[in-house]
Amino acid sequence: MAGVFEVREYDGMGRRGELTVPRADITVETPALMPVVNPHVQTLDPARIESEFGAEILITNSYVLHGSEDLRGPALEQGLHELLDFSGVVVTDSGSFQLAEYGDIDVDTRGIVEFQRAIGSDIGTPVDIPTPPDVDRGQAAGEQTTTQERLELAAEIDTGEMLLNAPVQGSTHLDLREQAAREAAGTGLDIFPIGAVVPLMKEYRFDDLAEVVLAAKRGLSADVPVHLFGAGHPMMFALGAATGCDLFDSAAYALYARDDRYLTVRGTEHLDELTYLPCACPVCTEHTPEDLRGAGETDRHELLARHNLAVSYGELRRIRQAIRRGNLFELLETRARGHPAVLDGYRTLLDHAAQLEATDPVSKESFFYLSGDSARRPEVARHHDRIARLDVPDELVVTAGSPVERFEASWRLRPPFGPVPPALVDAYPLTAETPDRLDTQAYEAAAEGIRRLVEASPDSDVTLFHDGWPDSALDIVPDRVTVEVLGEGFDDET
């Protein structure tokens, strides 16, 4: 029985949705965080993660359970939910991580998928080949072929109500990622994790990460859930959500805690370097850094893990709310200003404005212009596309000042959008809130709008009255446009 994924709201490619998991009889709201639970070492036990943080879904490793003398029997006898003391959705990985780390594992796809069903997994995973970034194309293509064969085998196995992941590989070869996604979707499996991207995140290569995810998304239909494997740091959740990912799994909350590291949405701090705890979670309001440093190792790690999870879940809730209100881009741009690598990822995302625009709502509550990067948002590109399709009068004035009645047609000039017909001045996104001191990119984007309009209307005479544009913007305006400065060749009273 397949699960059901329904998208409730979009913002760009970010979406808030609901994933129904039949075996657990639970519907998970997405974007969702899946804490990674190590069957042997639990910094926080799953029951506490569920009760304290409202966790609806977590992920554990079936390969570890399969090979454990202590846990294999209890897992088969009791089932995962009782073994872990967790009533939500339990997802299991297959051993692919161990394959990537150690080069070999002693299970095959059929064996591990059947084991996952036997221990009561709600969402299982075949054994894919996690091809790391930057390998040569031949290796990436060969390993992708093997992964696809295993996905096709998994699709033939009777899994009952257990859903199955179909990992998308292809390394950093974007055409292979797109092809892998298309072929994985053809298996009819249920959830599509973007695999082998942890090295990109460890190296803060968020620009390459965005390219990889967007390539995979181009090979998938819009109505399937996507899991970003290994994405556990809250600083990049907004970027991951904006690329269209719905599920994130985090071992970082526990691994970082055991290394005395403290997560924030801007990066990672070491406990020894903190004078204050800049957070309002219960751990941070009830303790000082000195308290944590003075605690015993077990207590300190537990407290840090609780803080790390609080920050992570808080960011996911913030992202959901941003999607609902239509201001995910503003949240992402704020996060991007917190770390240069996230900024690289955001700018790479904006390189694909046309892909983002395909699912971006035509109307939202507001558009806040926060920096020159805002000029590259899909809403701006959409406006340029639309005005290029309009019928333009034979003589048109585009003015940064007030519309002038004596001209046959007078349109407003509104950076970063460019020409705005009178009928649209109060329509989204042309009601955007912009700073008084705009940057060069805003004017350049407006000039691009003029260029698109003029090239689509070769028989119209267009006059532009601007209020002191930079030369780089004026260079974009076609030569056949008459260009004047307000207050020189024309003003509102002329």
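Mentor: The second largest pocket is lined by 20 residues, of which Thr264, Val265, Pro278, Cys279 and Val311 lie nearest its centre. This is a predicted model, in which local features need pLDDT of at least 70, side-chain atom pairs count only at pLDDT 80 or more, and totals for chains, interfaces and linings use all residues. Residues are numbered from 1 along each chain as its sequence is written, and side-chain values use heavy atoms, with hydrogens and water left out.

Trainee: What makes a set of points a pocket, and a residue part of its lining?

Mentor: On a 1 Å grid over the protein atoms alone, a pocket is an open set of points where a 1.4 Å probe fits, with protein on both sides within 12 Å along at least five of seven lines; a lining residue has an atom within 4 Å of a point. The volume, about 290 Å³ for the second largest pocket, is the space filled by probe spheres set on the points, with grid points joined across faces, edges and corners.

Trainee: Which elements give two or more residues to the lining of the second largest pocket?

Mentor: They are β12 (261-264), β13 (267-270) and α15 (297-325). Helix α15 gives the most, with seven residues. Such names denote DSSP runs numbered from the N terminus: helices are H or I of at least four residues, strands E of at least two. The protein has 21 helices and 18 strands on that basis.

Trainee: Why is leucine 58 called buried?

Mentor: Its relative accessible area is 1%, and buried means under 20%, exposed over 50% and partly exposed in between, with a 1.4 Å probe and protein chains only. Leucine 58 is therefore buried. It lies in strand β5 (residues 57-61). Not counting residues up to four places away in sequence, leucine 58 touches Met34, Pro35, Val37, Pro46, Leu84, Phe86, Val89, Val90 and Val91, where contact means heavy atoms within 4.5 Å.

Trainee: How do you know that both faces of strand β11 (residues 247-250) are covered?

Mentor: Leu247 and Asp249 on one side, and Phe248 and Ser250 on the other, are all buried. In a regular strand the side chains alternate between the two faces of the sheet.

Trainee: Why is the unit of β10, helix α11 (residues 237-242) and β11 called right-handed?

Mentor: A crossover is right-handed if, with the strands pointing away from the viewer, the path from the first strand over the helix to the second runs clockwise. The β-α-β unit of β10, α11 and β11 is assigned that hand.
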